[in-house]
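Me: I would like to learn how to read a few features of a protein model. Please give the general idea each time, then the case at hand.

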Amino acid sequence: MTNSDDDRRFCHQADLTDCDCEPIHLPAHIQPNGCLLAFSESGHCLTRFSENAAVGLNLPALRIGMSLGECVGAAEASILGLPFCKHVGRPAICFDVELPTGLRRDVTVHRTGDEIVIEFEAPAPARLHAHLAAQQRMVLECLRDPADVRTLLENAATALREAFDYDRVMIYRFAPDWSGQVVAEDRKDGLESFLGQHFPASDMPVQARDLYRWLLIRVIGDALLPSVALVEEAGLAALNMSFMHLRGISHVHYEYLANLGVRASMFLSLIVDGALWGLVICHHYTPRGMFMAERIAAKMLGEYLALQIMGLNRSRRLSLVRDAHLFFSRLIRDASGTAGLAHYTHGHLPELLKLLPCDGGGLWKDRQWHMSGLALPEADIRMLLEHAGTATTNQIWYTDSLTRDCPGFAPTVPDLCGAMIIPVWPEQEDCLILFRREIIQTVKWGGDPAGTYQPCFRGPRFPPRSGFEVWTEEVHGRSASWTADDLELAAQYRSALMEVVARASQQKLQERTQAEAMQRMLNDELNHRVRNILAVIRSLVSRLPEEGDTAASYREIIGKRIHAFANAHDLAVGGKAGTSLRDLLTIELAPYRTGTNPVSLSGPDIRLNGRALTFLALLFHELTTNAVKYGALSVPGGDLQVTWQQDAPSESCAIRWQERGGPPVRPPERSGFGSLLIDRAISHDLKGTASRHFDPEGVSLDIRLPLAAIVERLPAGALSSAEKRNEESGPATLKDQSILVLEDEFIIAMELEDVLGTEHGARVHIASTLQAAFDILNNHAVDLAILDVNIDGESSLPVARALSERGIPFLFATGYGSASSAIEAFPGVPVLAKPYTMSSVVAALGNMMRRGA
């Protein structure tokens, strides 16, 4: 390409986009610090050579068509033996090759198209190799075991400048849009700093980035020296010089260096995970040539630096992946039994905002907005979803500038500029929305990024200096950018939420199926029990009065029996906690303890918890009904003995039901409700064992139950001996204690607030919903807490978990006994049974304070 061709190519008004059009890999000239020979791959005949090759190689008769042997003599075997054909384009290197003329040269060989290209340079002095080894060792020591990427880059800039003696060493990092920033710098005293300056993507055109990705080092020894043209065989296509060390300087790059006053430069490519991450840029303001050995040493150090960057990135990513895995595993694991997706997601949102750094967010579910932290109000959310259109695309949508990407949308919280919308469930509007604050940035550009080139006789060039003077821009209306890691975490979170929703749907389906089956069983059982009740009442009424009884006394006896039977039925249905085993049996058997049917009860005082009372009341009612209808209580003279005792070593309770004197006994032909209770309630629900015997003299049943499953817990108002000693030493004061009360009954909440706050000087925070409880925990320092187990149909288990994680003592209050998932999840937490007294509340809180102290 001639100078006139250059003039025609660049004669029009040019701007920065012209850089993308320049064929910088086809300059048709080389730098003068070496020479070039190119041979055909078949036949090894000379097809091109640089104009300085005849002098540089002492071959005055050099001409097109000469053989490789004629040009390099015995060195032909060494050159062809290099592994340059294994990787197309990758140069192979041989140091200190002796030529026929007696000259010694360092040789680089690579293949391009159907040609073999050989570059010749002056060999490095022998003493330089030892010096380079010491330099490499020094740089490697500086880059070993870096704490973070920033420290690594700062150390690298200093070490590389010291090793290769350039006036300035910069490390330039590319952004996703291929703009760049100088992130580390070491420079000679007196030079202005470029540290922190940004440069537009057009400063590094596409074809230049491609060359840096292929050839990891680019050295210019003196930008002002004239380039050396090529002598070429007629008709040949332009030589692709992408992998050549001696490739000539492009016009645009020449202007760039000239405006900076740079005479020599070196660029080292930083390839991280297969992509061009950045560059090490070395500038020198006087000529600075480099021997091939120096270039190889610098290239290896650049590759080592890239490996260190990659290692730090992977360590950081590994830590992030580990934290994310723990979070998502916990999110999915704890989802069983959750009251609702909105509440469950809200409870885990603060942890997500730490993992994926955001300032706030919320869940849009069923066209309702549940927010946490700094977030837009519901009216804005509706407008944002209309602009984003995620309901139709079902893809994660994100922006670092809401006003830019949502034209016409004016958020009522102007501080929020970044948003990410994560759809939760396909074909639904439900989604998680995260927000980031505005970050006002002052960006220093290395020249106005909108600047243009000016035409000149050699082509477009930067105006002298003005194109590189620091140009400051203050950027508003943007948040921190969403990174690839952010997007990956968001996708993983979406998958986790979808699994939570799927599990919840499956659980609801299973619960509905089980409920329908249970309803059918209960309907059948209700019919059976009503018939049994009618049969028992008929049996009570049909018994003849004793001789001498009047009609009035007989009526009174019948009435008492029916009343006792009703009390036993209420116990079986209501399951009131605190009743002893003796009381239960007494009430159940009272109608039948007559002179004709002796019934004896024998055993210690055992108070039953609500769960055990319900099952045992049902069981004893069935046993009594069967005894009245078919067994010992169905005929005069039959007797029943019920005995029980505690076994301390095994911490169990043994109960024996023994009938005698009834009709002849034979095993039933089918299993009834009583058998179901024995099989399920005793073994499954109460974790005990039972065995029934149909002996000729009467039915007997032996039951063994673990005390832990049937005995009522120590009431909140009752104290152990150790606690009594603490109580005697003086009550714990609640003054100035911050107490969270989660209670949806207004009157109870007001009474607690009055007693604990007014009478005892505590700071009471009332919450009637789970959301209100989480807000109190996030905004106030809480010392103690009282949690109603059931809050408007929702379990307080999520709040209990949050309190437990923060180490805040708490107690449960319930009117449902101990059969609750929240109470079972925290077996060591005190339980207040409703209705409770205020004194028992104060005592229980005082006990928790003493245990905490």
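Me: In which helix does E753 lie?

Reply: Helices (H or I, at least four residues) and strands (E, at least two) are DSSP runs, numbered from the N terminus. E753 belongs to helix α21, residues 746-759. This is a predicted model, in which local features need pLDDT of at least 70 and side-chain atom pairs count only at pLDDT 80 or more, while totals for chains, interfaces and linings use all residues. Residues are numbered from 1 along each chain as its sequence is written, and side-chain values use heavy atoms, with hydrogens and water left out.

Me: Is E753 buried or partly exposed?

Reply: Buried means under 20% relative accessible area, exposed over 50%, and partly exposed in between, with a 1.4 Å probe and protein chains only. The areas come from the Shrake-Rupley method. E753 counts as partly exposed because its relative accessibility is 32%.

Me: Which residues form the negative surface patch?

Reply: A patch takes residues with over 30% relative accessible area and no salt bridge, and joins like charges within 9 Å. Asp and Glu count as negative, Lys and Arg as positive; His and the chain ends are not counted. The charge is placed at CG of Asp or CD of Glu. Here E751, E753, D754 and E759 make up the negative patch.

Me: How many salt bridges does the count come to?

Reply: A salt bridge is a side-chain nitrogen of Lys or Arg within 4 Å of a carboxyl oxygen of Asp or Glu. That rule gives 27 salt bridges. One of them joins D96 and R104 at 2.9 Å, N to O. D96 is partly exposed because its relative accessible area is 36%, and R104 is partly exposed at 35%. In another, the closest N and O atoms of R144 and E141 are 3.0 Å apart. R144 is partly exposed at 41%, and E141 is partly exposed at 47%.

Me: What is the N to O distance in the salt bridge of D485 and R316?

Reply: The side chains of D485 and R316 meet at 2.7 Å, N to O. This pair links distant parts of the chain, 169 residues apart: D485 sits in helix α14 (residues 484-542) and R316 in helix α9 (residues 292-333). D485 is buried, with a relative accessible area of 15%, whereas R316 is partly exposed at 44%. Salt bridges also link R316, R317, D485 and E488 in a network.

Me: How many disulfides are there?

Reply: A disulfide is a covalent bond between the sulfur atoms of two cysteines. The test applied is a pair of cysteine sulfur atoms within 2.5 Å. The count comes to zero disulfides. As for individual cysteines, C431 is buried at 1% relative accessibility, and C653 is buried at 0%.

Me: Which residues have a positive phi without being glycine?

Reply: Most residues other than glycine have a negative phi. D145 has a positive phi of about 50°, and D165 has a positive phi near 60°. D145 lies in the loop between α5 (126-143) and α6 (149-164), and D165 in the loop between α6 and β7 (168-174). D145 counts as exposed because its relative accessibility is 69%; D165 is exposed at 56%.

Me: Where is L734 found?

Reply: L734 is in the loop between α20 (721-728) and β26 (738-742). L734 is buried, at 2% relative accessibility. L734 and A762 are 28 residues apart in sequence, and their C-alpha atoms are 5.6 Å apart in space.

Technical notes
Patch = residues over 30% accessible without salt bridge, like charges linked within 9 Å, V, L, I, M, F, W, Y side chains within 5 Å. Areas by Shrake-Rupley, 256 points an atom, 1.4 Å probe, with all protein chains shown as cover.
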